[in-house]
Structure formats: C-alpha cells, structure tokens
Amino acid sequence: MYKRIRDLRVDRDLTQQQLAEYLNISQATYSRYENGNLDVPSSVLIKLSEFYNVSIDYILGQTNNSKRINGKQP
C-alpha cells in the first residue's frame, strides 16, 4: 500500500533510519510503514508530503500527479 514512500526514499538515496529520525520515530516503525504492516498516521503523511514536496494522494497511490498544492488560499 505504501510502496511510494519507499520509492521516494530510495530515489533520494535516503535510509530508513534517516527518515525515521526526521519523523521522530524508530527505524522499525518506519520499516513497518513501508512494508504495509502498520498504517501511516495522517500526521506522518503530512510530514512526508512536505518533506518530499508531493501530494498525499500521490503517496497513497490515488494519483500519478505528484504536484503538491499549497493549502494556503490567496
């Protein structure tokens, strides 16, 4: 389910440990997210979306358009 978070991490040559530290979680927890053994909380999805500058829908595989829309309205 969360294949994209692995792909995004690997594409940027990051380790699970580096992402876990950014998210303030253990590497084991992050690994469970990538493997689909643990649902990713919305707060983590938001942080990953900001970190990678992609939409949450892209992370979840709901779209192939990675463009992130800034939540601020003019």
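Contact here means heavy atoms within 4.5 Å. Helices (H or I, at least four residues) and strands (E, at least two) are DSSP runs, numbered from the N terminus. The model is predicted: local features need pLDDT of at least 70, side-chain atom pairs count only at pLDDT 80 or more, and totals for chains, interfaces and linings use all residues. Residues are numbered from 1 along each chain as its sequence is written, and side-chain values use heavy atoms, with hydrogens and water left out.

## Overall make-up

The chain has 5 helices and 0 strands, and along the sequence its pattern reads α-α-α-α-α. Of its 74 residues, 34% are buried, where buried means under 20% relative accessible area, exposed over 50%, and partly exposed in between (1.4 Å probe, protein chains only). The chain exposes about 5000 Å², of which carbon and sulfur atoms supply 44%; these areas come from the Shrake-Rupley method with a 1.4 Å probe. Among contacts between residues at least 6 apart in sequence, 43% join residues at least 24 apart.

## Helix packing

Two packed helices are described by the angle between their axes and the distance between the axes. Axes are lines fitted to C-alpha atoms, for helices over the stretch in contact, and angles run from 0 to 180 degrees between N-to-C directions.

| Helix pair | Angle between axes | Distance between axes |
|---|---|---|
| H1 and H3 | about 120° | 7 Å |
| H2 and H3 | about 105° | 8 Å |
| H2 and H4 | about 115° | 11 Å |

Angles under 35 degrees count as roughly parallel, over 145 as roughly antiparallel, 65 to 115 as roughly perpendicular and the rest as oblique.

Helix H3 covers residues 27–35, and its buried residues are Thr29, Tyr30, Ser31, Tyr33 and Glu34. These buried residues pack against H1 (3–11), H2 and H4.

In the pairing of H1 with H3, Ile5, Arg6 and Arg9 of H1 meet Tyr30, Tyr33 and Glu34 of H3. The residues of this contact divide into 3 nonpolar, no polar and 3 charged. For these classes, Ala, Val, Leu, Ile, Met, Phe, Trp, Tyr, Cys and Pro count as nonpolar, Asp, Glu, Lys and Arg as charged, and the others, Gly among them, as polar.

With their axes at about 105°, H2 and H3 are roughly perpendicular to each other. On the H2 side, Gln16, Gln17, Leu19, Ala20 and Leu23 take part, and they meet Gln27, Tyr30, Ser31 and Glu34 in H3. This contact comprises 4 nonpolar residues, 4 polar and 1 charged.

H2 spans residues 16–23 and H4 spans residues 42–52; their axes make an angle of about 115°. That places H2 roughly perpendicular to H4. The crossing of H2 and H4 is right-handed (a crossing is left-handed if the near helix is turned anticlockwise from the far one by less than a right angle, and right-handed if clockwise). Leu19, Tyr22 and Leu23 of H2 meet Val44, Lys47, Leu48, Phe51 and Tyr52 of H4. Here the residues divide into 7 nonpolar, no polar and 1 charged.

## Loops and backbone angles

Most residues other than glycine have a negative phi, and most peptide bonds are trans. Asn24, in the loop between H2 and H3, has a positive phi of about 60° although it is not a glycine. Asn24 is exposed, with a relative accessible area of 70%.

Asn53 also is not a glycine and has a positive phi, of about 55°. Asn53 is found in the loop between H4 and H5 (56–59), and is exposed at a relative accessible area of 52%. After H3 comes Gly36, with a positive phi near 80°.

Val54 lies in the loop between H4 and H5 and counts as buried, at 4% relative accessibility.

Tyr58 belongs to helix H5. At 18% relative accessibility, Tyr58 is counted as buried.
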